[in-house]
Amino acid sequence: MKVSDLKINNMKNPVGYLMERLSCSWKVTETKAKDQKNVIIEVSLDEDFENICFVKEGALLCQTGEVLELSLEPYTRYYTRVTVTTDLDETNTSGVSYFETAKQDEDWIGKWITTKDDDRFHPTFSKSFSLKKTKNIKSARLYISGLGLFSALLNGQKVGQEVLTPYYSNYHDEVQYLTYDITGNLKEENKLDVSLGNGWYKGRFGLRERKENFGSKFLMIAEVRVVYEDGTVETIGTDESWFYKGSDTQASDIYDGEIINHLLWEGKENSSETAVFTSAEGTLVARYSLPVLEMEELAVKEVIHTPAGETVLDFGQNFAGYVAFICRQPKGTEIILDFGEILQHDNFYNENYRSAKSQFTYISDGKERIVKPQFTFFGFRYVRVTGWEGELKAEAFTGKVLYSQMEITGHIETDHKGVNQLFSNTMWGQKSNSIDFPTDCPQRDERLGWTGDAQVFSGTASYNMDTAAFYNKFIHDLRTEQKKLDGILPGVIPVFEPNAAIFSSIWGDIATFLPTVLYEHFGDKSALKVYYPMMKDWVDKITKEDKKRGQKYLFDYGNQLGDWLALDGRTEQSMKGGTDDYYIASCYYAMSVAKTADAARILGYTEDEAIYRDLHENISKAVIKEYFSVTGRLCIDTQTGYIVALYSGIYKDKNKIIEGLKSRLYKDCYKIKGGFVGAPIMCRVMAENGLEEEAFYFLLQEGYPGWMHCINLGATTIWERWNSVLDNGLISGVLMNSLNHYSFGSIVEYLYRDVAGLKAIEPGFKKVLITPLMNQKLKFMNTSYESPYGTYRVEWEIKKEGNVHVHVEVPFGCSAVIGLPFYEGEVDEVTAGTYEYDYKPATDLRLLYTRKTLFKDMMQNPKALEVIDRISPLLQHFLGSGDEEFLNESLATLEGMSFLGFSPDMIENLAMELTKLAEE
């Protein structure tokens with residue numbers, strides 16, 4: 001038995017974070033026990049637990065987030081351990097973890113400092129200081145912030161490994177400061193150097209051509225706090241004794257890139273100047289951002305010499321970060337790196353970055369260095385190298401992958417290479433768009449916190465990674481804006497013009513959907529309590545505006561973004577699809593109200609729950625009255641219209657909605673039409689409403705539009721548009737066209753929830769439903785998910801002889817209801833453990849086709865074509881003509897085409913043979 005993975009507020013050993021609430025979680029592994037019998041949580045002021053300041057004990061302590069009612073002191077490291085006794089009377093204690101508070105309410109000794117008004121260069125602030133020779137240091141911390149971005153060196157060594165600090169905030173309201181343990185880095189004589197870059201604070205940022213959105217001056221503040229063994233404290237803060245001079249950073253910008261010029265000051269005066277006192281607009285707050293780190297490294301896959309005479313590095317993978325290289329270039333050499341996502345006509349290309357220059361320039365002073373930027377990042381696969389003297393070797397360059405430090409918790413592997421690539425593409429899209437906050441894209445002149453993208457992807461994201469602390473920061477940022485906007489949860493942050501804040505469903509509904517996803521995945525009730533006011537204010541804002549119009553119980557006003565980038569709009573390149581915006585908005589209004597009512601129930605807010613249940617009922621009635629016929633037919637005849645009806649549960653007659661969706665798919669020749677609303681949930685909704693075969697079809701079909709089509713064109717991440725790249729390899733446009741935009745990757749939640757069949761019944765996945773869907777086109781699926789309780793595994797395989805093997809693992813403290821497909825045994829309810837099932841399915845899963853299989857799916861199978869040609873030359877004639885409508889027919893639809901000469905007997909003969917074909 002082992003007790004491990006202790007976390008405080010979903011983080012391991014957090015130092016210097018905002019700790020307005022305190023929750024502890026842990027896992028129990030390597031045991032045959034099923035559940036906890038007793039738990040003891042201890043918090044101590046020392047690592048040996050001789051000075052214990054808090055104890056909590058009980059059989060029902062929450063493994064996914066037990067609240068610790070502890071009054072915290074500033075500047076204090078607390079040590080934690082958890083002892084668990086199981087139902088088999090095993091007892092074990094975890095290793096020691098810790099968390100450390102920051103300054104809390106303590107006054108700052110250090111002051112904000114800046115440069116003189118007429119200084120326009122990037123500064124490095126410096127302070128030399130001595131420590132007492134006669135005293136031994138017990139601990140030392142650096143509390144620091146700098147705007148826009150800072151990078152600190154202590155005695156020539158980088159402080160910490162984080163980049164892009166102090167991260168994004170609405171700096172008008174608050175500025176995060178970070179805490180670093182520098183105990184082992186101090187000497188008797190020390191020097192602290194802090195370099196600053198523009199970053200989000202004063203560089204270009206936002207949808208419009210603007211910079212200095214938050215400020216126009218470089219600012220920094222810092223304190224070195226040294227505690228000696230005798231208990232005395234010495235603090236060195238930023239003041240008039242600090243000096244600054246120009247750094248070698250000539251320019252820096254999130255969008256445009258960075259210039260490091262080691263000859264910038266050659267022949268120029270760069271004398272030390274005395275720092276100038278200043279102030280910052282925002283309040284200094286302890287950090288809530290996870291560390292952004294160089295999480296992975298990628299080698300150059302190929303050095304390409306293009307027809308245009310360029311030298312281009314291909315990393316083989318689209319990602320976000322930057323390139324580090326070993327420079328041994330002569331003095332004065334100017335090396336320029338340009339970044340792009342795709343080649344065009346085999347040449348370098350990045351016009352879809354719009355106005356973002358996306359360039360890194362390095363001017364050498366002749367010294368050998370490992371070179372990389374400090375104050376920017378790029379989204380790219382390809383790098384054009386200009387100015388390199390001598391032979392350029394691939395091994396001199398390394399791709400540094402940046403994203404917020406999150407544990408990868410999900411894994412999917414199947415027999416289908418395309419599905420495996422889809423999972424990889426989605427994971428890379430998440431990594432690339434998780435640099436401190438969830439962004440739409442990492443490369444062009446945007447990289448903003450679009451809430452609709454984050455909302456639709458949050459379920460997939462939370463299977464893929466431990467997103468609890470990451471999203472907690474994003475929710476903090478969202479709530480900061482919402483409180484200033486009278487309850488509007490804006491469509492994008494930051495909000496530079498409050499009167500222009502986007503007030504739209506789907507995007508604003510992140511206020512209720514994201515807390516619901518987090519509670520489902522991580523089971524932390526204390527976090528839900530923090531998020532509840534955001535949920536409540538969002539739905540109350542919609543209701544308040546509706547009441548001004550006489551309370552129609554509809555969200556049928558305002559400028560809605562609708563089914564963004566759907567293909568059934570005025571043109572395929574239109575921004576919005578053809579589904580009625582207000583219908584979508586009203587359905588999501590109902591769902592948001594229902595989620596708020598659910599949260600109220602969980603938190604014990606009975607009056608709120610009653611109010612929101614009643615409101616949900618009235619909204620549902622109003623939607624049905626406005627958008628459904630008297631017989632129950634949905635009047636919004638689009639794919640997304642039907643999918644939203646089924647997703648929201650708002651309809652008169654569910655069967656009519658399903659039949660309407662089937663009819664719409666047929667009319668659309670089984671081509672995806674949905675955008676950011678419909679497509680992310682379409683396979684999940686179909687699979688959960690009796691359309692499993694259709695769901696598999698849309699997942700796996702290789703024609704345009706579709707997930708496999710993008711992959712076959714070389715996608716290594718998820719594209720913003722279904723047609724971001726055309727079949728000829730050319731990009732479809734540059735106005736709004738990212739090749740690393742995760743929204744359509746939301747389909748991966750369907751792989752976890754439905755194809756693997758792993759759904760939460762109780763929060764934190766304490767109890768799950770395991771009902772996998774099987775299809776011979778995958779043959780096997782291996783899925784694992786590291787829940788807050790431990791690892792779930794669902795693995796299934798269709799054997800060559802026709803039997804099915806299923807392997808299930810349920811972690812300690814959890815249970816599962818297992819319902820296997822085409823299984824004649826009972827539904828199995830199990831507790832923690834490993835379970836194996838081998839059985840002969842009631843339906844032969846090796847068979848390739850059913851009566852609903854589209855003929856175009858048979859066209860690559862010689863045996864199917866032989867059957868068709870032998871039994872029905874007429875059908876072969878129609879199929880051979882390439883007529884798109886006919887290729888999208890099936891045996892089932894052929895039954896209504898007797899007027900073309902397809903007799904019932906001929907159709908039955910075809911069915912008898914085609915539905916018996918199996919892959920050899």
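Modeller: Three strands make up an open sheet in the order β1-β2-β5, and their pairing is antiparallel. Its edge strands are β1 (2-8) and β5 (66-67), each of which pairs on one side only. Strands here are DSSP runs of E with at least two residues, helices are runs of H or I with at least four, and both are numbered from the N terminus; two strands pair if DSSP finds at least two bridges between them. Strand β2 (residues 23-29) is joined to β5 by 2 bridges and runs antiparallel to it. Ser 23 stands opposite Val 67 in β5.

A word on how to read this: the model is predicted, so local features need pLDDT of at least 70 and side-chain atom pairs count only at pLDDT 80 or more, while totals for chains, interfaces and linings use all residues. Residues are numbered from 1 along each chain as its sequence is written, and side-chain values use heavy atoms, with hydrogens and water left out.

On a 1 Å grid over the protein atoms alone, a cavity is a set of points where a 1.4 Å probe fits but cannot get out, a pocket is an open set with protein on both sides within 12 Å along at least five of seven lines, and lining residues have an atom within 4 Å of a point. There are 5 cavities of 30 Å³ or more by this rule. The largest cavity holds about 150 Å³ of space, where volume is the space filled by probe spheres set on grid points joined across faces, edges and corners. It is lined by 13 residues, and Lys 7, Lys 27, Asp 466, Ser 787 and Pro 788 are the closest to its centre. Two or more lining residues come from each of β1, β2 and β39 (780-787), with β2 giving the largest share, 3 residues. The lining of the largest cavity has 3 nonpolar, 4 polar and 6 charged residues; Ala, Val, Leu, Ile, Met, Phe, Trp, Tyr, Cys and Pro count as nonpolar, Asp, Glu, Lys and Arg as charged, and the others, Gly among them, as polar.

Now for the open space. The largest pocket has a volume of about 1,200 Å³, and of its 43 lining residues Ser 151, Leu 153, Ser 195, His 262 and Gln 374 are the closest to the centre. Among the strands that each supply at least two residues of this lining are β10 (123-130), β12 (149-154), β13 (157-158), β15 (189-197) and β18 (243-246). The pocket lining divides into 15 nonpolar, 16 polar and 12 charged residues.

The peptide bond from Thr 165 to Pro 166 is cis, with omega near 5 degrees. Another cis bond joins Tyr 704 and Pro 705, with omega about -10 degrees; Pro 705 sits in the loop between α12 (692-700) and α13 (707-712).
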